[in-house]
Amino acid sequence: MASPLDRVDTSTAHSARVYDYILGGKDHYLVDVEAGDAMCRHWPSLPVHMRENRRFMHRAGRFLAKERGIRQFLDIGTGLPTAPNLHEVVQEVAPESHVVYVDNDPIVLTHARALLQSSPEGETAYVDADMHDPDAILDSPEVRALLDLDEPVGLLIIGMLHFILPPDDHRLVRRLLDPLPSGSHLAMTIGTADFAPEEVGRVSEEYARQNMPMALRDLPAATSFFDGLELVEPGVAQVHKWRPGAGQLAVDDRDIAMYGAVARKP
């Protein structure tokens, strides 16, 4: 029987594995190390930026579970399991929560069991699919089994959108959001070069050299993804400034190249 690892291309860097390497993980290859080191030479703040993106996900997930009563979540572009994962965050608030993870990286698939350690009251599932094919996600047996689309859903697209290039970006986000009922929420982070244009521009060029082209968006472009939705205060903000907790570390704005926001579907 074929293993998911048979699909891994160790000759080319992969965004999830580069992310894993920079954050101190162990699930990467030499090509990912070389790419990550090159990116950090261009912008030494990249690890800080990546950690704050992850912390935004924790705060957004906790907010949706605690403040908005969301009990089912669809996480697009999950990445390699890094504790705490989304289900650990939301099930700490509401153990009965259901979480469906989605990613198309075979290495993530091999570690999916770590994403499936649900509380006894709740449930988790993993879908091996690509955001570029939203119908495959929405029609998957896992989504159909775990998510009741008559009840609000928390849709999370974290650290993913900068790899979704125009003109497909708005269409793909809306295709995932449209079937969700009123009261659902979209939580998303969106890459930007607004605060360190030269350094982040060089990182973007390095990603492109590694066959991972990205689209960086200014504030108006980032905000446009939430048109027709009700933004939660403070609206679209750098991720470290979105409802920071008491333990939030002091971070220089120039070290963060990601906007984040949460919005309710009316």
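1. The lining residues are Arg55, His58, Arg59, Arg62, Gly245, Gly247, Gln248 and Leu249, and the space inside is about 150 Å³.

2. A word on the basis of this note. The model is predicted, with local features needing pLDDT of at least 70 and side-chain atom pairs counting only at pLDDT 80 or more, while totals for chains, interfaces and linings use all residues. Residues are numbered from 1 along each chain as its sequence is written, and side-chain values use heavy atoms, leaving out hydrogens and water.

3. His58 lies in helix H3 (helices are DSSP runs of H or I with at least four residues, numbered from the N terminus). Leaving aside residues up to four places away in sequence, His58 touches Pro84 and Val89 (contact means heavy atoms within 4.5 Å).

4. Now for the largest pocket, with a volume of about 890 Å³. A pocket is an open set of points on a 1 Å grid over the protein atoms alone, with protein on both sides within 12 Å along at least five of seven lines; lining residues have an atom within 4 Å of a point. Of its 44 lining residues, Ser15, Ala16, Gly159, Met160 and Phe163 lie nearest the centre. H3 gives the largest share of this lining, six residues, and H1, H3 and H10 each supply at least two. By class, the lining has 22 nonpolar, 16 polar and six charged residues.

5. Helix H1 spans residues 15-22, and its buried residues are Ala16, Arg17, Val18, Asp20 and Ile22. These pack against H2 (30-42), H3 (46-66), H5 (106-110) and H10 (197-209). Just after H1, Gly24 takes a positive phi of about 90°.

6. Finally, please look inside: the structure holds one cavity of 30 Å³ or more (a cavity is a set of points where a 1.4 Å probe fits but cannot get out). About 40 Å³ of space lies in the largest cavity, and Met160 is one of its lining residues, as are Ile76 and Asp103.

How values were computed
Buried means under 20% relative accessible area, exposed over 50%, partly exposed in between (1.4 Å probe, protein chains only). Grid points are joined across faces, edges and corners, and a volume is the space filled by probe spheres set on the points. Ala, Val, Leu, Ile, Met, Phe, Trp, Tyr, Cys and Pro count as nonpolar, Asp, Glu, Lys and Arg as charged, and the others, Gly among them, as polar.
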